[in-house]
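I opened the model and kept notes as I went. The entries below follow the order in which I looked things up.

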There are 2 protein chains.
Amino acid sequence: MAGRTRANPLALAVLGLLYERPMHPYEMSSTLRERRKEDSIKLNYGSLYSVVESLQKRGLITARETVREGRRPERTVYEITEAGTTEMTDWLSDLLARPVKEFTQFEAALSLMPIFGPDEVVTLLETRLRSLREQRLAYDHGTASAPANFPRLFLIEAEFKYALLRTEIEFVSALLDELRAGTFEGVALWRRMHELRGEGHSPEAVEQLLAEEFKEELSWLSELSDTQRPEQG
Amino acid sequence: MAGRTRANPLALAVLGLLYERPMHPYEMSSTLRERRKEDSIKLNYGSLYSVVESLQKRGLITARETVREGRRPERTVYEITEAGTTEMTDWLSDLLARPVKEFTQFEAALSLMPIFGPDEVVTLLETRLRSLREQRLAYDHGTASAPANFPRLFLIEAEFKYALLRTEIEFVSALLDELRAGTFEGVALWRRMHELRGEGHSPEAVEQLLAEEFKEELSWLSELSDTQRPEQG
DNA sequence: GTCCGATTACTCGATCCAGAGTACTCCGTG
DNA sequence: CACGGAGTACTCTGGATCGAGTAATCGGAC
């Protein structure tokens, strides 16, 4: 049981809030916002209500009462069940103890980088680097931070994000240096490849020409080629 | 145009592949796998086929022919359109040049960490750290790596992932040290909070007691309290 | 020569989710 | 006292996504 529906951490946050005290969905969203959790847990209304509904269906929370205050719309107050508490504990333990593979947009972008030539990539990464440095400044100046004296315990996720940000800055910066200095391995091949494409050669012709011009660097290709295209017409 | 459907980078990868040469979807998936792109771009059949369909609907690719080879099922070969090439260029430029906020599972977990007490967190993070170190070893020994002599250009995303991995190891390791040494800010408050909960006090009672015991550390609370609960019944 | 398991090539359906839309109320402003 | 804008509290819809399922074929082992 409790099997597949552990994708959206918003559901875990909901369990956490109801573990403190019963609440209605809208209050959950405002509480999360007050606590600066919208920075680390993606929150939007649509998801919140469907997540709550799904938790209820699975018996992890129950509707305690629906209140109408004044002429305001009805509010349904939920509370956590015993099963819900167990699921919360298991789930959070799992998230803390077991790293999971995550796919970020930038990793995807890096892996598709060869679509562009090295010079275009340099320009684009320069823009990125500027933007990342601005982000770091914002952090440093506490702009992105919480009320003074806010306990570290409740901001630990921001510290982690900051560490990742610094790493990305270092990475992009180092990559840029190598690209600009021309010391990046294979940059000559890469540049030539785009030159040939730019001259209107077909992909096959480009491959052919490069194989001749860069024999050694492309030695790995021949190792693969037997298995790679067994039935290329 | 080309507005909202830029969520799934798999679509960008498809455009990239068809920019090289026409292909049928299954070939796209095997090509991506050969090139080790499944590590940085989430790929599964269901998504691939619906992504291809949606690209076609948007006029970014077109079906060139459907081939039946032997008695095998039909294969539809697609090619990229001019609009598709433009979209590919714009999209990849955007991904490289503009950092986007990403939400990871571990950030969510960190932000919900206070649900547990410090001692449980230590145990869980120790498990995580072991696992992260194993991952790093695997990288170092080239287990997770490609054919010898594979050009760096095509593995740059793995380098980035490795940098992030090292940062996470450092972060978790430093956090653990502080928690174990008791030098983590507010750890006493945190521990006491779980002690009181464990003794069966209600959340409100806990808050009350902590406010008395840890006046200074909780000063930020009083600043908020006016605006925080204007209508708490 | 037939059986097994891997590979090829998709299809389907049940969620999931984002974001726009709705509707009502409260509060201040002129 | 009419108006506008912010806040409260959801609802709806259509597309995205995931993973299991299907069905055929091929190559090798026995």
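Is Phe106(A) buried or exposed? I find Phe106(A) buried, at a relative accessible area of 3%. I use buried for under 20% relative accessible area, exposed for over 50% and partly exposed for in between, with a 1.4 Å probe and protein chains only.

Note on the source: this is a predicted model, in which local features need pLDDT of at least 70 and side-chain atom pairs count only at pLDDT 80 or more, while totals for chains, interfaces and linings use all residues. Residues are numbered from 1 along each chain as its sequence is written, chains are lettered from A and ligands numbered from 1 in the order in which they are written, and side-chain values use heavy atoms, with hydrogens and water left out.

Entry, aromatic rings. Rings of Phe, Tyr and Trp (its six-membered ring) pair if their centres lie within 6.5 Å; planes under 30 degrees apart are stacked, over 60 edge-to-face, and the rest tilted. Phe106(A) and Phe160(B) are edge-to-face because their planes stand at 85 degrees, with the ring centres 5.2 Å apart. This pair crosses between chains, from helix α5 (residues 105-112) of chain A to helix α7 (residues 156-181) of chain B. Helices here are DSSP runs of H or I, at least four residues, and strands are runs of E, at least two, numbered from the N terminus.

Phe160(B) is also buried, with a relative accessible area of 3%. Phe160(B) forms a tilted pair with Phe171(A), 4.9 Å centre to centre and 55 degrees between the planes. That pair joins α7 of chain A to α7 of chain B. I note Phe106(A), Phe171(A) and Phe160(B) as a cluster linked by ring pairs.

Entry, DNA strand C. I counted a residue as near the strand if one of its heavy atoms lies within 4 Å of it. There are 18 residues around DNA strand C, and Thr5(A), Gly46(A), Ser47(A), Tyr49(B) and Glu74(B) come nearest.

For Tyr49(B), I noted a polar side-chain atom 2.7 Å from a sugar or linking oxygen.

How values were computed. A polar contact is a pair of N or O atoms within 3.5 Å; within protein, one must be able to donate a hydrogen and the other to accept it, and residues adjacent in sequence count only if both atoms are side-chain atoms.
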